[in-house]
Amino acid sequence: MKKYKVKIGIITLGCPKNTADTESILAELPDYYELANVEDAKLILINTCAFLKAARDEVYEILTELHDKKIILAGCLAGQLQKEIFKKYPQLFAVVSGNHYEEMGEIVKEIEKNKRVFAVSKEPVRYIDMKGKILITPRSFAYVKIAEGCDNKCSFCLIPKLKGRYRSRPMVSIITEIKELISLGVKEIILVAQDCGYYGIDLYGKKSLTELLQKISSINKDFWVRVLYVYPERIDDELLNLMAKSTRICKYLDIPLQHGDADILKSMRRPFIVEKTIEKIANIRKIIPIITFRTSLIVGFPGETEKSFKNLEKFIKKIKFDHVGVFEYSKEENTEAGEMPNQISEKTKKLRRKKAMLIQQKISSENAKKSIGTTQKVIIESYDPKKKIYTGRSQRFAPDIDGKIFIKSKIPLELNTFHKVKITKGSQYDCWGETRS
């Protein structure tokens, strides 16, 4: 055991799935390592994203900036690199793909000897159970990855090539991790995968998200569980009925729909019968009237005409989502869409994104106002002593991507606890409220 602490800085890029990986990697490090600010640390772990060119460029920019550090690259980009990368970036000491995360403790010991480590395997493995987690999120929530990879063949997406086929994590492993997180005081468990609704197909021969949620719901503690990224074709009444009756499952669905025009969806290799999607959402609202919907949409996909975009605008107005992320299409090499004709100009993409967001902002504002006067269960996450305002989230808001609730209270509130809050004001992104005391 070293008599001093070795400082390690963390930069996690990309999605919550990377956050979950980073936390597991940190648990593999020797006990004499401690988290520190990037400025103060000599060793930096960068968990990379490679989904878009912009994300890959960001990694190289950060690498260049941190020329005086020792760098470990992990994540999606790591699996695509060759040993020659060490010659270009002398500050780079290790490249580690997901297959080797459990070896990170030994890898950093090699780096301490000024040795370089290239631990990259192209063949994806089934989920690796690691030691545990060192949380880098606030204690109020934690991400739990339930699967790796993806079997969808969307024409614009690199994920199957980066991550391989869909590989479900065994239920016993997931439940064990969740129980450990709850014992640490975590109040919100967030299940993440590329497609949570596909969970279990490879491992149990059937869709098993409902069964997994039943097991999680049976844990007799004060917490709730949120599911991110469930494609509409995976949602059935069995899942919805469980969500409707359970007090522990958030009445919230993040459904990546991508577009609202049949021709564009067909080109994307996504379910393209828009009427079926509209019927599906109507059925969800029938079973769970208070459901909150989030979706992500892509504008400027190859071949998106003015008519296609108008259909998307109509779709947004028809569904009236609570939260929407609108993204400009990014042309990626080694994807089917990247080779398609009729690519859309950057100027048009930006204009269409702005138009779509303006439509959604109005809808989000109208939806938020409907909550005024309601009393909601809220996780208290922070306090501003100068403004004397608490911030928190109800089930309507996922962390980092949705809004917050700003709360006035006549009595002190303990952070990371649940409280009843009456909503007094709502905007397109946030809400305001006061405690019922």
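Lys331 counts as partly exposed, at 49% relative accessibility; by the definition applied, residues are buried under 20% relative accessible area, exposed over 50% and partly exposed in between, with a 1.4 Å probe and protein chains only. The model is predicted: local features need pLDDT of at least 70, side-chain atom pairs count only at pLDDT 80 or more, and totals for chains, interfaces and linings use all residues. Residues are numbered from 1 along each chain as its sequence is written, and side-chain values use heavy atoms, with hydrogens and water left out.

Lys331 is placed in the loop between β14 (323-328) and α13 (346-369). Helices (H or I, at least four residues) and strands (E, at least two) are DSSP runs numbered from the N terminus. Leaving out residues up to four places away in sequence, Lys331 touches Gly338 and Gln343, where contact means heavy atoms within 4.5 Å. Between Lys331 and Cys157 the C-alpha to C-alpha distance is 9.7 Å, although 174 residues separate them in sequence.

Two residues other than glycine have positive phi values. Most residues other than glycine have a negative phi. Lys320, with phi near 60 degrees, lies in the loop between α12 (306-319) and β14. Asn416, with phi of about 65 degrees, belongs to the loop between β17 (405-408) and β18 (418-426).

The relative accessible areas of several residues discussed here are set out below.

| Residue | Relative accessible area | Class |
|---|---|---|
| Asp21 | 7% | buried |
| Phe86 | 13% | buried |
| Asn416 | 16% | buried |
| Phe118 | 24% | partly exposed |
| Lys320 | 38% | partly exposed |

Asp21 lies in helix α1 (residues 16-27). Beyond its neighbours within four places in sequence, Asp21 is in contact with Asn47, Tyr101, Lys145, Glu148 and Lys163.

Aromatic pairs number 12 in the structure. Rings of Phe, Tyr and Trp (its six-membered ring) pair if their centres lie within 6.5 Å; planes under 30 degrees apart count as stacked, over 60 as edge-to-face and the rest as tilted. The pair of Phe86 and Phe118 is edge-to-face, because the ring centres are 6.3 Å apart and the planes stand at 80 degrees. Phe86 lies in helix α3 (residues 85-88) and Phe118 in strand β6 (residues 117-119), so this pair ties together parts that are 32 residues apart in sequence. Ring pairs also link Phe156, Phe301 and Tyr329 into a cluster.

For the protein chain as a whole, there are 13 helices and 19 strands. The chain has a radius of gyration of 22 Å, which agrees with the value near 22 Å for a compact globule of 437 residues; the radius is taken over C-alpha atoms, and the globule rule is 2.2 Å times the number of residues to the power 0.38. Along the principal axes, the C-alpha atoms fill a box of roughly 60 × 60 × 45 Å. Of the 437 residues, 56% count as buried. Among contacts with a separation of 6 or more, 73% involve residues 24 or more positions apart.

The protein chain has 78 positive and 56 negative side chains, and the centres of the two sets lie 4 Å apart. Lys and Arg count as positive and Asp and Glu as negative, without His and the chain ends, and each charge is placed at NZ of Lys, CZ of Arg, CG of Asp or CD of Glu.
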